[in-house]
Each structure stands twice: as C-alpha cells, then as structure tokens.
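Student: I have a new structure to look at today. Could you guide me through it, please?
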Amino acid sequence: MTNKVDNANTQQNPVGRFMVAVGAVIVNPTGEILLIKRSKKLDWHPGEWEIMYGRIAQHEDPQTGLAREIAEELGIAVVAGTPLTCWHIYRGHEEIAENELIGITFLASTDQLDIKLSDEHDEYRWVTPAQALELIKVDGIKRDINAYIRLQGKSS
C-alpha cells in the first residue's frame, strides 16, 4: 500500500522563487573577526566592508554551501558553528522573486589567518567586534555582528 501525498495546499499556494544565501562571522583563535572589503567593481554595496556571504546552489545544504563559498572566496577552511541569524532581503531595488534572498548567518572559526581573496574583494582585516561595527555601514551586517556579540555575552 502506498501513501498518496496531498499537494492541495501547494497547488492553492504555489511555492515561490527565491535564492538562499549563507554568511559567516569568522573568528580566529584570538577572538578577532574577519572583515572583507567588497570590490568597487561589484554592483551590490561596492567598496563596503562585510563578513563572508554567498549564495548556495540548488540542492546544496547550507553548511556545504558555506564551506564551498569560503574556500572559493577566501581560500581557507572553517568549522561552522551555531546559526546566529536568519534574514530576508531583496538584492537590488525591485522587490521581485528574482531578487528575493533568504539567508542564514553562522558563527564559524578558523586558525588560518592568511586569506587568499577572490576578485570579489579587495582587502581583508582581522578586527575586534567593536572595530567591525565601526567599519561596517550596512545595517544587516551590523545585525550579524551584534548577534555574535550577544552570544559572547551569554557564554562569558
């Protein structure tokens, strides 16, 4: 006997189209956070300081996508920890399905301090959380740093 799946709800409310992204507050053994500066050639927040973010591929789980993105863009390996934040944005100025992005930002750690930047970034720095908040201008990225700071307050 087979069980028939009831898809009536999905047919009445069809699944939308959106991208999924992952991010990481990457911390080194001394407690500093990795910040990377976006290339001025990019269309999304050019020249801004950020933490690591990237889109995952269809059928890729978030932790695998995070490890792949970090290896591609930074040339390091990390140990992914707890999720810090979940978020929703539209990448661009239009609130359309093609721009919709759902994201998860993780806490991650590494002992690799030398970064090999891809062409998406021009510079990197290891900074304190307070320095990170001074350099970062984008509210959503500040939210992720503040989530890390709150987590550290609970564990001390």
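Tutor: Let us begin with a term. Accessible areas come from the Shrake-Rupley method with a 1.4 Å probe. Please also keep in mind that this is a predicted model.

Student: What does the accessible surface of the protein come to, then?
Tutor: It comes to about 9500 Å², and carbon and sulfur atoms hold 51% of that. As for the residues, 35% of the 156 in the protein count as buried.

Student: How many helices and strands are there?
Tutor: The protein has four helices and seven strands. Along the sequence they follow the pattern α-β-β-β-β-α-β-β-β-α-α.

Student: And what share of the contacts with a separation of 6 or more is between residues 24 or more positions apart?
Tutor: Such pairs account for 67% of those contacts.

Student: Could we take one residue as an example? Where is Val-20 found?
Tutor: Val-20 belongs to strand 1, which covers residues 19-27. Its C-alpha atom is separated by 8.2 Å from that of Ile-104, a residue 84 places away along the chain.

Student: Which residues does Val-20 touch, apart from those up to four places away in sequence?
Tutor: Val-20 touches Gly-54, Arg-55, Ile-56, Leu-101 and Ile-102.

Student: Is Val-20 buried or exposed, or something in between?
Tutor: Val-20 is partly exposed, because its relative accessible area is 27%, and that class lies between the 20% limit for buried and the 50% limit for exposed.

Student: Let us turn to pockets. How much space lies in the largest pocket?
Tutor: The largest pocket holds about 490 Å³ of space. Its lining is made of 23 residues, and those nearest the centre are Arg-38, Trp-44, Glu-50, Tyr-53 and Arg-91.

Student: Which elements supply at least two residues each to that lining?
Tutor: They are strand 3 (49-50), strand 4, helix 2, strand 5 (79-90) and helix 4 (139-155). By kind, the lining of the largest pocket has eleven nonpolar, three polar and nine charged residues.

Student: And what about the second largest pocket?
Tutor: About 220 Å³ of space lies there. Five of the lining residues are nonpolar, two are polar and three are charged.

Student: Glu-60 is on that list. Is Glu-60 buried or exposed?
Tutor: Glu-60 counts as buried, because its relative accessibility is 17%, and the limit for buried is under 20%. Glu-60 is found in the loop between strand 4 (52-55) and helix 2 (62-74).

Student: Which side chain makes a polar contact with the side chain of Glu-60?
Tutor: That of Arg-68 does, at 2.8 Å. Leaving aside neighbours within four places in sequence, Glu-60 is in contact with Gly-65 and Arg-68.

Student: A change of topic: where does Thr-30 lie?
Tutor: Thr-30 is in the loop between strand 1 and strand 2 (33-38). Thr-30 counts as exposed, with 65% relative accessibility.

Student: What does the side chain of Thr-30 make polar contacts with?
Tutor: One partner is the side chain of Asn-28, at 2.7 Å. Another is the side chain of Glu-32, at 3.3 Å. Thr-30 and Thr-128 are 98 residues apart in sequence, and their C-alpha atoms are 9.4 Å apart in space.

Student: And Thr-110, is that residue buried or exposed?
Tutor: Thr-110 is buried, with a relative accessible area of 7%. Thr-110 is found in the loop between strand 6 (100-109) and strand 7 (121-127).

Student: What is Thr-110 in contact with, leaving aside neighbours within four places in sequence?
Tutor: Its contacts are Ile-26, Val-27, Asn-28, Pro-29, Ile-76, Ala-77, Val-78 and Trp-126.

Terms used:
Residues are numbered from 1 along each chain as its sequence is written. This is a predicted model: local features need pLDDT of at least 70, side-chain atom pairs count only at pLDDT 80 or more; totals for chains, interfaces and linings use all residues. Side-chain values use heavy atoms; hydrogens and water are left out. Buried means under 20% relative accessible area, exposed over 50%, partly exposed in between (1.4 Å probe, protein chains only). Contact means heavy atoms within 4.5 Å. A polar contact is a pair of N or O atoms within 3.5 Å; within protein, one must be able to donate a hydrogen and the other to accept it, and residues adjacent in sequence count only if both atoms are side-chain atoms. On a 1 Å grid over the protein atoms alone, a cavity is a set of points where a 1.4 Å probe fits but cannot get out, and a pocket is an open set with protein on both sides within 12 Å along at least five of seven lines; lining residues have an atom within 4 Å of a point. Grid points are joined across faces, edges and corners, and a volume is the space filled by probe spheres set on the points. Ala, Val, Leu, Ile, Met, Phe, Trp, Tyr, Cys and Pro count as nonpolar, Asp, Glu, Lys and Arg as charged, and the others, Gly among them, as polar.
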